[in-house]
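Reader: I am new to this structure. Please show me how to read its features.

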Amino acid sequence: MPQTRLHLVFGGELISTTSHDFKDPSKIDVVGVFPDYPSAYDAWKSAAQKTVDHAQTRYFIADLSRLREKPTADDK
């Protein structure tokens with residue numbers, strides 16, 4: 001059975017357009033967790049399009065499977 005690669009879509013207002021730091025982390029919008037990249041991309045695109053007029057608002061896709069993978073000798 002293939003491994004599920006979970007993806008988290010989240011976003012919010014950034015400190016500036018050149019930063020990846022959130023202005024208020026308590027207000028991060030968690031869109032959801034998705035079982036594959038294509039569905040996460042669709043959710044990301046939808047959320048991003050809703051905030052197109054807000055230059056400092058950005059949405060991101062995080063590959064959660066990287067967090068649960070066991071470290072290898074190369075990672076140490």
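Reader: Which residues do ring pairs link into a cluster?

Author: Phe10, Phe22 and Phe60 form that cluster, joined by ring pairs. Keep in mind that this is a predicted model.

Reader: How is a ring pair described?

Author: Two things describe a pair of aromatic rings: the distance of the centres and the angle of the planes. Rings pair here if their centres lie within 6.5 Å. By this rule there are five aromatic pairs. Take Tyr37 and Tyr41: the ring centres are 6.2 Å apart and the planes stand at 35 degrees, so this pair is tilted.

Reader: Where do Tyr37 and Tyr41 lie?

Author: Both are in helix H1, residues 37–50. They sit four residues apart, about one turn of the helix.

Reader: Are Tyr37 and Tyr41 buried, exposed or partly exposed?

Author: Tyr37 has a relative accessible area of 44%, so Tyr37 is partly exposed. Tyr41 has 33%, so Tyr41 is partly exposed too.

Reader: What is the order of the strands in the sheet?

Author: Strands of a sheet pair through backbone hydrogen bonds, either parallel or antiparallel. Here three strands make an open sheet in the order S2-S1-S3, and the pairing is antiparallel. Strand S2 (29–34) and strand S3 (57–63) are the edge strands, each pairing on one side only. From one strand to the next, the twist averages 15 degrees.

Reader: How many bridges join S1 to S3?

Author: Seven bridges join strand S1, residues 7–13, to S3.

Reader: Which strands does H1 touch?

Author: H1 packs on the sheet and touches S1, S2 and S3. The direction of H1 makes about 170 degrees with that of S3.

Technical notes:
Residues are numbered from 1 along each chain as its sequence is written. This is a predicted model: local features need pLDDT of at least 70, side-chain atom pairs count only at pLDDT 80 or more; totals for chains, interfaces and linings use all residues. Side-chain values use heavy atoms; hydrogens and water are left out. Rings of Phe, Tyr and Trp (its six-membered ring) pair if their centres lie within 6.5 Å; planes under 30 degrees apart count as stacked, over 60 as edge-to-face and the rest as tilted. Helices (H or I, at least four residues) and strands (E, at least two) are DSSP runs, numbered from the N terminus. Buried means under 20% relative accessible area, exposed over 50%, partly exposed in between (1.4 Å probe, protein chains only). Two strands pair if DSSP finds at least two bridges between them. Axes are lines fitted to C-alpha atoms, for helices over the stretch in contact, and angles run from 0 to 180 degrees between N-to-C directions. Contact means heavy atoms within 4.5 Å.
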